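I keep these entries as a record of what I looked up.

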Amino acid sequence: MERFRFFSDNLRGELTSVFPSTTASALTTLATGEPSLRHGVTGWFICIPELGSVSQILHWRPRHGGGEYPYTGEISRTLLRAEPIFAKLEARCLVVVPQGMVGSGYSRDNSRGAQVTGYNGLPGFCRAIDQH
């Protein structure tokens, strides 16, 4: 169909994720270009034996409560087994995340090479994109 020609003419490769597409797995796939099997984030909660805990990976804290895990970069880069694609691109990249996640270990590691901005609510999300 002619109206879909733009997509077929500009296809550069495949991007796969998980089924069902959990937020944590899908966001990590978008940031790294790798499927869950490679990047290691298979759902909202994942077991991290190195930390002795089940983690809420996007908030970089234990599922059972408490504050964030200490951020060292080394631990989170070891656990998130794929590098984000932003530093490899020849374009300015913007990652827009909920304000409460700006600066979390997960956000820092999966946004390397991109400009990160936070938002509150849908109007704030739209403003964040419009301002950049």
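**Entry 1: Ile 57.** I looked up Ile 57 and found a relative accessible area of 0%. The cut-off for buried is under 20%, so Ile 57 counts as buried. I note that the model is a predicted one. Ile 57 sits in the loop between E2 and E3.

I then listed what Ile 57 touches, leaving aside its neighbours within four places in sequence. The contacts are Ala 24, Val 41, Gly 43, Trp 44, Ile 46, Ile 48, Leu 80 and Tyr 106.

**Entry 2: Trp 60.** I stayed in the loop between strand E2 (53–56) and strand E3 (61–62), where Trp 60 also lies. Trp 60 is not a glycine, yet its phi is positive, at about 55 degrees. Is Trp 60 buried or exposed? Its relative accessible area is 1%, so I put Trp 60 down as buried.

**Entry 3: the chain as a whole.** I counted the elements next and have six helices and five strands for the protein chain. Read from the N terminus, their order is α-α-α-β-β-β-α-β-α-β-α. The chain has 132 residues, and 33% of them are buried. I also looked at contacts between residues at least 6 apart in sequence, and 40% of these join residues at least 24 apart.

**Entry 4: helix H2.** Which residues of helix H2 (residues 23–32) are buried? I wrote down Ala 24, Ser 25, Thr 28, Thr 29, Ala 31 and Thr 32. Viewed down the axis of H2, these buried residues fall within an arc of 165 degrees, so they line one face of the helix. They pack against helix H3 (36–39) and helix H5 (105–110). Just after H2 comes Gly 33, with a positive phi of about 75 degrees.

**Entry 5: Ser 36.** With 6% relative accessibility, Ser 36 counts as buried. Beyond its neighbours within four places in sequence, Ser 36 is in contact with Val 18, Ser 25, Thr 29, Val 41, Thr 42 and Arg 81. Ser 25 and Thr 29 are among the buried residues of H2 that I had already noted.

**Entry 6: the largest pocket.** The largest pocket has a volume of about 300 Å³. Its lining has 16 residues, and Leu 27, Val 95, Val 96, Val 97 and Tyr 106 lie nearest the centre. Which element gives the largest share of the lining? That is E4, with five residues. H2, strand E4 (94–98) and H5 each supply at least two residues. By type, I sorted the lining into twelve nonpolar residues, four polar and no charged.

**Entry 7: aromatic rings.** A pair of aromatic rings is described by the distance of the centres and the angle of the planes. I found one aromatic pair by this rule. Tyr 119 and Phe 125 form the pair, with 5.1 Å from centre to centre and 70 degrees between the planes, and the arrangement is edge-to-face. I checked the accessibility of each partner. Tyr 119 has 22% relative accessibility and counts as partly exposed. Phe 125 is partly exposed too, with a relative accessible area of 29%.

Key
Residues are numbered from 1 along each chain as its sequence is written. This is a predicted model: local features need pLDDT of at least 70, side-chain atom pairs count only at pLDDT 80 or more; totals for chains, interfaces and linings use all residues. Side-chain values use heavy atoms; hydrogens and water are left out. Buried means under 20% relative accessible area, exposed over 50%, partly exposed in between (1.4 Å probe, protein chains only). Helices (H or I, at least four residues) and strands (E, at least two) are DSSP runs, numbered from the N terminus. The arc is that of the directions from the helix axis to the C-beta atoms. Contact means heavy atoms within 4.5 Å. On a 1 Å grid over the protein atoms alone, a cavity is a set of points where a 1.4 Å probe fits but cannot get out, and a pocket is an open set with protein on both sides within 12 Å along at least five of seven lines; lining residues have an atom within 4 Å of a point. Grid points are joined across faces, edges and corners, and a volume is the space filled by probe spheres set on the points. Ala, Val, Leu, Ile, Met, Phe, Trp, Tyr, Cys and Pro count as nonpolar, Asp, Glu, Lys and Arg as charged, and the others, Gly among them, as polar. Rings of Phe, Tyr and Trp (its six-membered ring) pair if their centres lie within 6.5 Å; planes under 30 degrees apart count as stacked, over 60 as edge-to-face and the rest as tilted.
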